[in-house]
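These are my notebook entries on one protein model.

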Amino acid sequence: MVLISAPVEPRPTRFGLLDPLRGILALCVAVYHLGVWFNISQSGGGANIAMARLGNYSVSGFFVLSGFVLFRTTPWSRVRKERPGRFWLRRFLRLAPVFYLVCALNVSLGLGMGPEVSLRFILENLTLTFGAIHPNHALVTGGWYVGLVALLYFAYPLLAWLREKAGPRGGLVFLAALALGLWAWSLPSTLHGVMGQPLWNRFHTYVLAPNQVFLLAWGALLAGLHAGTEKRLEPKLALLLALPLVWLLIKPTPRFFDHLAALTGWLRYGYLLAVTGLVALAAFTRDGEPGWFGKQLTRLGAWSYGIYLLHPFTMKLVAPQVSGLPGFSLALGLAILAAWAVHRWIEEPMGKLGRGAKG
């Protein structure tokens, strides 16, 4: 129903627990979608409610995380040095190749993941401009996220320049105004626009830019706050503070059967604040060497783009042969394996090519 993060450019230093968090978010998205498709939990039950919130709001977490990483690692001085054209090329090489691959698989195999294929939609997907027209013009399940992140990349040089021109304090004010203004833009859609639509059009309304892009700005504001202080949390304290936020996302009340009902109304903003708080805790945690478990989550985080875009394909592969919990487990395992391969053979080479493009 809703999906994962576009890949982020490798950084010379880590930001606290963001890398393991990215792995957790990727797992939550895949588990949610596959859980629904393989019907492993009863609608309205505690497990179903927890998976629905964690899966959908993990996508929101990726929006926040993507905004944070871009604004934190790419100031205007960097964009100016390499020029906007090279900035866009690097971002294109990180975003487009895997997206093109999954779109081509969907179209060539006739899997029906997206709208009916037309020349118009092909051009929108090739140019990554569909996010500005309608995110669900993506020719693959979950591609709406890619279209909206592409909007940020298109606009980012101007945003970085405006932030720089505002100065250190004014830059933070600019980011706060951006976050507040875009959040206000989302109010009509979140409070009544989505659920006021006919049933067939609710998800199409949910994914529109007014309802989503403010989360990128929330991440940008976190980046400004992060850059303004050297204070960091100890990992154990950050994990302890995260527990009530996680509980807010998994608690079995209020009960719902329509998953979109959990993504609308004032409650949505409460859940979004919780997931934004989790991103903030991860970012503001002191850097340290992760243990074995943290390293595995970090690997999953590196493969998160592939996990997000490929798990619908492993479902299509497995579902006709194996159902229920065994099918769910097999599809999830294959999605992780496929994501590793895509990262190894596409994302890493494209990343190296992008870094070489800096000149």
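Entry 1, the whole chain. I looked up the secondary structure and found 14 helices and zero strands in the protein chain; helices (H or I, at least four residues) and strands (E, at least two) are DSSP runs, numbered from the N terminus. The model is predicted, so local features need pLDDT of at least 70 and side-chain atom pairs count only at pLDDT 80 or more, while totals for chains, interfaces and linings use all residues. Residues are numbered from 1 along each chain as its sequence is written, and side-chain values use heavy atoms, with hydrogens and water left out.

I noted that the C-alpha trace spans about 55 × 45 × 45 Å along its principal axes. Buried residues make up 52% of the 359 residues; buried means under 20% relative accessible area, exposed over 50%, and partly exposed in between (1.4 Å probe, protein chains only).

I compared helix H2 (residues 46-73) with helix H6 (residues 143-165) and read an angle of about 30 degrees, with the axes 11 Å apart. Axes are lines fitted to C-alpha atoms, for helices over the stretch in contact, and angles run from 0 to 180 degrees between N-to-C directions. H2 and H6 are therefore roughly parallel to each other; angles under 35 degrees count as roughly parallel, over 145 as roughly antiparallel, 65 to 115 as roughly perpendicular and the rest as oblique. In the contact (heavy atoms within 4.5 Å), I found Phe62 and Leu70 among the residues of H2, and Trp144 and Leu159 among those of H6.

How do H2 and H9 lie to each other, roughly parallel or oblique? Their angle is about 45 degrees, with the axes 7 Å apart, and H2 and H9 are therefore oblique. The residues that meet include Ser60 and Gly67 in H2, and Gly219 and Ala227 in H9.

I located Ala227 in helix H9 (residues 214-227). Ala227 is partly exposed, with a relative accessible area of 40%. Its C-alpha atom is separated by 9.9 Å from that of Pro168, 59 residues apart along the chain.
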